[in-house]
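Please look over the sequence and the model shown here. A short report on selected residues is given below it.

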Amino acid sequence: MLGGRTAAGKFHLFKKGVPTIVIGIAARYIYSHVLMINKKDLENSAIVLTKLVKEIEANRFNQLFN
């Protein structure tokens with residue numbers, strides 16, 4: 001991202017570093033009581049996150065047992 005930041009940056013730089021991934025979902029009115037998120041964006045983000053976790057888990061399994 002060119003602008004903005006999340007707390008993930010601090011984790012990424014902690015001690016020797018912690019692998020960090022941020023999945024950002026576009027939203028409107030984030031500083032109000034009526035945050036708006038596109039349902040399809042939320043669903044697609046869940047799909048990406050699920051695939052990412054499965055891939056990381058598979059890679060970690062292979063590192064440990066192969």
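The report covers a salt-bridge network, a serine and a proline in a predicted model.

The whole structure holds two salt bridges. One joins the side chains of Glu43 and Lys39, at 3.9 Å from N to O. The other pairs Lys40 with Glu43, with the closest N and O atoms 4.0 Å apart. Together, Lys39, Lys40 and Glu43 form a network of salt bridges.

The spacing along helix H2 is simple. Glu43 and Lys39 are four residues apart, so about one helical turn separates them. Lys40 and Glu43 are three residues apart, again about one helical turn. Lys39 counts as exposed, at 60% relative accessibility. Glu43 counts as partly exposed, at 35%.

## Ser45

Ser45 also belongs to helix H2, which spans residues 39-65. Is Ser45 buried or exposed? Its relative accessibility is 13%, which is under the 20% cut-off, so Ser45 counts as buried.

A polar atom of the Ser45 side chain lies 2.8 Å from the backbone oxygen of Asp41. Beyond its neighbours within four places in sequence, Ser45 contacts Ile23 and Ile25.

## Pro19

Pro19 sits in the loop between helix H1 (8-13) and strand E1 (27-28). Pro19 has a relative accessible area of 79%; because this is over 50%, the residue is exposed.

Technical notes: Residues are numbered from 1 along each chain as its sequence is written. This is a predicted model: local features need pLDDT of at least 70, side-chain atom pairs count only at pLDDT 80 or more; totals for chains, interfaces and linings use all residues. Side-chain values use heavy atoms; hydrogens and water are left out. Helices (H or I, at least four residues) and strands (E, at least two) are DSSP runs, numbered from the N terminus. Buried means under 20% relative accessible area, exposed over 50%, partly exposed in between (1.4 Å probe, protein chains only). A polar contact is a pair of N or O atoms within 3.5 Å; within protein, one must be able to donate a hydrogen and the other to accept it, and residues adjacent in sequence count only if both atoms are side-chain atoms. Contact means heavy atoms within 4.5 Å.
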